[in-house]
Amino acid sequence: MFRVFQILVITILTAALTGCGQQQEKPIWEGLKIGDLAPILGPSPIPAFKTIAFDVHIIDIPAMNIDILDQIWTRLQERQIQFDNANVFKANSFIARFGQLPVWDDIRELLIVANGKKLKTSTLIIPVDQSENLPIKMLYDRQTIFYVSNEGVMEGTDIGPGSVVLRLNARNIGNQRGTCQVKIEPVYSPPRTKFASKTKRSRRKGEIFFDGMAFNLDMSDGDFVLLGPEKYEKYRITLSSLFFSKDKPRETVRIYLIVCTKINE
């Protein structure tokens, strides 16, 4: 029950970001009842399958306020995260930090100061040892994207049409009940054909995995990871700018709050 309370608190506090600023939109959580969360907070609807559920909150911050993110990063932790290549991750202007409920009030207050707006929330329910994609950017034409490779040099790769996604893979950790290991990585994925599997996300022909950009961490109910940029990049020609930068209708920085909401065992 305490874990359920933790998750509800994070969800409610995150929703409060929607009310920041002069022009307020109707909060997307308005009228939401606890019973509406039953599919996540209750038992798995298919007991034969073990699943791990995540809520991903996408938050936009005016680019002029990006310095406030520096204060947020210092309140979160990095040591729980195992990077494939920490130097490459940083060189590509990606930052990932781990957090738990006790620090959330501070993070929320700083996001309000930064005039953060919650754009949307996506729920991913992932069968153990499988993966799911969070769509980041749809590409309708072929274009060249630049990123720092494992060799430490800037390289360009042609991608599109298709989509850039954040792929989450989750699995149990041996006999540790209530804990899962999550692998998160940016991936380019070509359009899905009608013959592709709809239930299992595995490496498909034409996908591009950006070397050194994946990271792993252990998570329990209520734990979260915040993913964002080191800087704002106006021109969307780098991997970082596709994930975190937006120039229309105004210049904004996008961050991703990934919350582990339920491990169904």
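Serine 241 belongs to helix α6, which covers residues 239–244. Its relative accessible area is 0%, so serine 241 is buried. With neighbours up to four places away in sequence set aside, serine 241 is in contact with Glu233, Tyr235 and Arg236.

Nonpolar packing was examined next. The largest nonpolar core comprises 43 residues. Phe54, Leu166, Ile184, Phe215, Leu217, Leu227 and Phe243 have the most contacts inside this core. Leucine 217 illustrates the packing. Beyond four places in sequence, leucine 217 contacts Gln80, Ile81, Gln82, Phe98, Cys180, Gln181, Val182, Ile184 and Val225. A second core is separate and holds 24 residues, among them Ile72, Trp73, Leu110 and Tyr232. In soluble globular proteins, nonpolar side chains tend to be buried together.

The protein chain has a mean pLDDT of 82. A pLDDT of 70 or more is reached by 76% of its residues. Residues 20–49 stay under 50 in pLDDT. For this stretch the model has 34 contacts beyond four places in sequence. Residues 194–202 also have pLDDT below 50. Where pLDDT is low, the predicted coordinates should not be read in detail.

Note on methods
Residues numbered from 1 in each chain as written. Predicted model: local features only at pLDDT ≥ 70, side-chain atom pairs only at ≥ 80, totals over all residues. Heavy atoms only, no water. Core = buried A, V, L, I, M, F, W, Y, C linked by side-chain atoms within 4.5 Å. Buried < 20%, exposed > 50% of the residue type's maximum accessible area, 1.4 Å probe, protein only. Contact = heavy atoms within 4.5 Å. pLDDT = per-residue confidence, 0-100. Helix = DSSP H or I, 4+ residues; strand = E, 2+ residues; numbered from the N terminus.
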